[in-house]
Structures are given as structure tokens and as C-alpha cells.
Amino acid sequence: MIGLVIALMIALGGGVSVAAEGSVPGDALYTVKIHVNEQVRGMVATSDEARAEWQAKLAERRLEEAAELEAEGKLDADVAAELNAAFSAHSESALKAAAESEAEEDEDGEVANDDGDFESEIEAR
């Protein structure tokens, strides 16, 4: 019986997590998306390069959320400011992690990839 209860709790928790992925600010599950899902996924990014990519993805997600809310006529000034602040924080974290990754590669005697793709991607958003 206890095993069934535990399995049910895991299944329901996983379902909530999956449902939260499509949420935007103002949705009931948005807090789960940014404080649970994104935090857990961020823990998997263990290298500087992986952290840079994840932070860039988070910045992109905030832009997509803003675009979706704007298209629905639901983007008010407070939400726009919140998303803008989150975008800026994720962008700065991505650039910092990318710089740390390049510095680490330089210290290891490897040639750092300096094609500018990452920064141009961030700047384009």
C-alpha cells in the first residue's frame, strides 16, 4: 500500500512538472516551472559551457514568454519588468559562464573557440 502511495505521488509530481513547462507568468504553474523545473535542469549543467548554454536558453525562454503574453494582450508593465530583469540576469550569467569556459580552455592550453556565435546569439535576443 505504501509503495502504491509513493508511486502515485511521484507520478502526480512528474505530471505537474511536465504541465508547468508550458506556463507563462500569471499561470498557476509558472512558479513550478522557474523554481523547480529550471533549477533542477540547471543542476545538471556542471561545466561552464553547459551553464552558459542553459542560461542562454533561460534568457530565450523569458523572451518567448513575453512574446506569448504580448500576443495574447496579457503583457502588463509589471510582468514586462519582471521578464526583462530575468532576461538580463540570465544573459549576464550566460556571458560570464562563457567567459569562464574560454578562460578555462585557455589555461588548459587549448585553443578557445572565439567565433562569437554565442555572444551574437545573446545580443540578437
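The model is predicted, and local features are described where pLDDT is at least 70, side-chain atom pairs count only at pLDDT 80 or more, and totals for chains, interfaces and linings use all residues. Residues are numbered from 1 along each chain as its sequence is written, and side-chain values use heavy atoms, with hydrogens and water left out.

The protein contains 5 helices and 0 strands (DSSP runs numbered from the N terminus, with H or I over at least four residues for helices and E over at least two for strands). Read from the N terminus, the order of elements is α-α-α-α-α. Of the 125 residues, 26% are buried (buried is under 20% relative accessible area, exposed is over 50%, and partly exposed lies in between, with a 1.4 Å probe and protein chains only). Among contacts with a separation of 6 or more, 54% join residues 24 or more positions apart (contact means heavy atoms within 4.5 Å).

Confidence comes next. The mean pLDDT is 83, with 74% of residues reaching 70 or more (pLDDT is the predictor's confidence in each residue, from 0 to 100). Helix 3 has the highest mean among the elements, 96, while helix 5 (residues 117–124) has the lowest, 54. Across residues 111–116 the pLDDT falls below 50, and this stretch has 7 contacts in the model beyond near neighbours in sequence.

Helix 2 (residues 30–44) and helix 3 (residues 48–71) form a pair whose axes come within 11 Å and cross at roughly 160 degrees (axes are lines fitted to C-alpha atoms, for helices over the stretch in contact, and angles run from 0 to 180 degrees between N-to-C directions). Helix 2 is therefore roughly antiparallel to helix 3 (over 145 degrees; under 35 is roughly parallel, 65 to 115 roughly perpendicular, and the rest oblique). Helix 2 brings Tyr30, Lys33, Ile34, Glu38, Arg41 and Gly42 to the contact, and helix 3 brings Trp54, Leu58, Arg61, Arg62 and Glu65. These residues comprise 4 nonpolar, 1 polar and 6 charged (Ala, Val, Leu, Ile, Met, Phe, Trp, Tyr, Cys and Pro are nonpolar, Asp, Glu, Lys and Arg charged, and the others, Gly among them, polar).

Beyond its neighbours within four places in sequence, Ser101 touches Asp48 and Glu49. Ala99 also sits in helix 4 and is partly exposed at 44%; its C-alpha lies 8.5 Å from that of Asp48, 51 residues away along the chain. Ser93, another residue of helix 4, is partly exposed at 32%. The C-alpha atoms of Ser93 and Ala56 are 8.2 Å apart, although 37 residues separate the two in sequence.
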